[in-house]
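Have the viewer open as you read.

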Amino acid sequence: MTTLERRFAEVPGHWQVPGHFKINHSHGIRVGDTIYVGGQEDLDADGNVNNPGDIVAQCKNVMESLKRVIESLGGTMGDVVQFNTFYAGELSYEEWQRTYDIRFSYFPAPGPTATGILIGEELNLPGIRVEVNAVAIVGSAATRVEAFDGGTHATLDVPVAGESPNA
């Protein structure tokens, strides 16, 4: 029987859940070559909401949080294979497009699979408009993109276990 090691993200200064309730979870866990990142929000180190209501500013900060967690576990944003975004409140087309452009600027084309979910008025704290989570497979980042025509296809060199990356 193979036992896979679990590593937990350790990101100095990364936000914690506000002190009014107790939880026991990690921002990210790596099991084997797979990284799971829990919901990232725009919070300071004490769990206070940054940029209340400003979905664009929050989006930039949650993507930086996501990146820090993934990198703390030995991955890169190019290793992300699945990505979810949760939105709170009304979302105009312009806000959606701006946040989409910010989020996908963090990934090499064509980017991971993605799902956007509109939650309603609020996420878990007043003022939070966006939250993201992701799954990454370390070592799966494309090393070369030959062609990408806006969404229909891409030719990627992706290292596969047991194969030389130059094969």
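## The loop around Ser 26

Start with Ser 26, which sits in the loop that links strand S1 (6-8) to strand S2 (28-31). This is a predicted model, so take the distances here as computed from its coordinates. A polar atom of the Ser 26 side chain is 2.7 Å from the backbone oxygen of Gly 28.

What else does Ser 26 touch, leaving aside neighbours within four places in sequence? The answer is Phe 8 and Ala 9.

## How S4 pairs up

S4 and S6 run antiparallel and are joined by seven bridges. In that pairing, Tyr 87 is found opposite Val 130 of S6.

S4 also pairs with strand S5 (residues 113-120): seven bridges again, but here the strands run parallel. Thr 85, for instance, has Gly 116 in S5 as its bridge partner. To get from S4 to S5 the chain passes through H2, making a right-handed β-α-β crossover.

## The nonpolar cores

The largest nonpolar core has 25 residues, and the members touching the most others are Leu 66, Val 80 and Phe 83. H1 gives the largest share, with eight residues. Apart from this core there is a second, separate one of five residues, among them Leu 43, Ala 88, Leu 123 and Ile 128.

Now zoom in on Phe 83. Not counting residues up to four places away in sequence, Phe 83 has a list of contacts that includes Met 63, Leu 66, Phe 104, Phe 107, Val 132 and Ala 134.

The mean pLDDT of the protein is 83, with 78% of residues at 70 or more. Residues 152-156 have pLDDT below 50, and beyond near neighbours in sequence this stretch makes 13 contacts in the model. Residues 158-167 are also below 50, with five such contacts in the model.

What should you make of the coordinates where pLDDT is low? They should not be read in detail.

Key. Residues are numbered from 1 along each chain as its sequence is written. This is a predicted model: local features need pLDDT of at least 70, side-chain atom pairs count only at pLDDT 80 or more; totals for chains, interfaces and linings use all residues. Side-chain values use heavy atoms; hydrogens and water are left out. A nonpolar core is a set of buried Ala, Val, Leu, Ile, Met, Phe, Trp, Tyr and Cys residues joined through side-chain atoms within 4.5 Å. Buried means under 20% relative accessible area, exposed over 50%, partly exposed in between (1.4 Å probe, protein chains only). Helices (H or I, at least four residues) and strands (E, at least two) are DSSP runs, numbered from the N terminus. Contact means heavy atoms within 4.5 Å. A polar contact is a pair of N or O atoms within 3.5 Å; within protein, one must be able to donate a hydrogen and the other to accept it, and residues adjacent in sequence count only if both atoms are side-chain atoms. Two strands pair if DSSP finds at least two bridges between them. A crossover is right-handed if, with the strands pointing away from the viewer, the path from the first strand over the helix to the second runs clockwise. pLDDT is the predictor's confidence in each residue, from 0 to 100.
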